[in-house]
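Reader: I am new to this structure and would be grateful for a close look at one strand and its surroundings. Please begin with the chain as a whole.

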Amino acid sequence: MATPVIMPRQGQSVESCIIAKWHKKKGDQINVGDQLFTYETDKATFDEEATVAGTLLEVFFEEGDDVECLLNVCVIGEAGEDVSAFRPAGDDVAAPVAAETAPQAAAPAATEVVAAKVSDTAKDNLFISPRAKNHAEKLGVDTRFAEGSGPNGRVIERDIEALAQSGVAFTKAAQTAAAGSSDKFEGTGIGGRVTTGDLKKPVAQAVAEAMNAQEGVAYTDVPLTNIRKVISKAMHNSLASTAQLTLNTSFDATEIMAYRKKLKANAEKLGLGNITLNDIVLYAVSRTLLAHQDLNANMLDDKMRIFNHVNLGVAVDTPRGLMVPNIFCAELKSLAEISAETKDLAKACQGGTISPDLLSGGSFTVTNLGSFGIESFTPVLNAPQTGILGVDTIVQKAKEVDGEIVFYPAMGLSLTFDHRAVDGAPAAKFLQDLKANLENFSVLLAK
């Protein structure tokens with residue numbers, strides 16, 4: 001029995017997802033647990049696994065397509081089963097255009113490989129998938145002349161391939177590069193003469209070869225993932241729309257280092273996990289923020305949203321890019337709970353299973369580059385939040401104690417804040433209070 005595979009809904013706020021990669025193709029045998037495709041929201045990446053075994057009968061969308069949640073993406077069943085009932089509304093999937101059956105334009109002269117003149121049906125407002133667009137740029141094809149065979153008339157990769165096979169509609173850059181490139185055809189006639197049969201080679205291939213020969217392969221264009229595009233846009237908008245200022249300080253980490261050493265030595269006996277220095281900083285931030293409400297807030301144009309709880313964002317580095325999951329109501333959780341939740345969130349982000357609902361609604365963010373040996377940096381606000389704390393590495397510093405110079409482990413803190421919402425003095429007061437709480441951590445735990 002044929003079984004459709006739908007686009008999952010990852011979180012209540014997600015309406016559609018982009019298919020990033022297909023791991024199987026039409027006709028493949030599928031086993032339960034096989035990865036079918038990878039898909040992206042605007043915040044995270046997920047892998048969809050097969051829950052039934054059979055043959056992949058049909059694929060309704062291509063890589064790069066934006067698919068509504070709960071819409072059928074593909075169908076698994078027994079070979080020969082009818083899948084027409086499972087086609088998404090407006091889907092017009094056709095078989096890929098084979099090279100033998102592709103429409104052929106009149107063969108160009110061997111001495112002049114240029115684009116044939118096409119009809120004046122070019123379309124300026126084109127509905128095209130990112131994968132098809134990249135393929136068109138590679139082949140030098142003018143996408144305006146493509147006829148879409150994808151869902152709702154969308155131009156997909158096979159449409160670009162068909163257009164290229166037809167030998168028409170190349171861009172001016174491709175035509176210029178291909179001019180005089182008839183030597184790219186291998187002649188099979190007498191004395192190596194180029195014959196009509198030799199011209200069956202796609203014109204697009206000649207164009208691509210000519211461009212490569214002329215320019216050389218000096219670089220590789222790698223399309224941005226959806227997550228990278230979102231990060232790029234968010235960072236640019238943050239810097240463009242806020243008034244960011246960074247204050248730097250450091251504190252004596254002697255007490256928190258000694259406390260962590262005790263925890264580590266008694267972790268098994270106490271039933272605690274590996275509580276890190278970063279967990280300790282997160283705990284201190286959660287207890288300090290509520291006394292500095294302007295930093296536990298979002299700046300929303302003409303108003304500020306002050307949070308009653310600390311929804312603490314934790315920056316996580318993943319293979320797919322930066323993610324910031326939130327520990328909600330962090331000020332109500334113990335150090336052990338914050339430590340465990342931080343690790344669970346990081347694992348979910350790195351594994352691509354994080355719920356998008358956990359990636360929004362934060363009131364303040366902490367980002368730690370100390371493990372990379374960074375002594376000071378300027379974090380970029382996670383807008384619309386009004387503050388973000390950078391945690392730096394530990395360095396040895398000197399200070400005077402009872403007339404003597406002693407060295408101590410100093411951990412750096414870098415606070416970036418939105419100067420539209422917070423003035424310099426209140427921001428400095430937050431750092432001052434946080435520093436005091438960290439240097440007297442045992443007292444903070446007792447409160």
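Author: The chain's secondary structure amounts to 11 helices and 18 strands; helices (H or I, at least four residues) and strands (E, at least two) are DSSP runs, numbered from the N terminus. This is a predicted model, in which local features need pLDDT of at least 70 and side-chain atom pairs count only at pLDDT 80 or more, whereas totals for chains, interfaces and linings use all residues. Residues are numbered from 1 along each chain as its sequence is written, and side-chain values use heavy atoms, with hydrogens and water left out.

Strand E6 covers residues 54-59, and six of its six residues are buried (under 20% relative accessible area; exposed is over 50%, partly exposed in between, with a 1.4 Å probe and protein chains only). E6 pairs with other strands, pairing requiring that DSSP finds at least two bridges between them. Strand E3 (residues 29-30) runs antiparallel to E6 and is joined to E6 by two bridges; here glutamine 29 has threonine 55 as its bridge partner. Strand E8 (residues 72-77) is also antiparallel to E6, over four bridges, and in E8 glycine 77 stands opposite threonine 55.

Glutamate 58 forms one with lysine 26, their closest N and O atoms lying 3.3 Å apart. Because lysine 26 lies in the loop between strand E2 (16-22) and E3, and glutamate 58 in E6, the pair ties together parts 32 residues apart in sequence. Lysine 26 is exposed, at 52% relative accessible area, while glutamate 58 is buried, at 8%.

Conventions
Salt bridge = Lys/Arg side-chain N within 4 Å of Asp/Glu carboxyl O.
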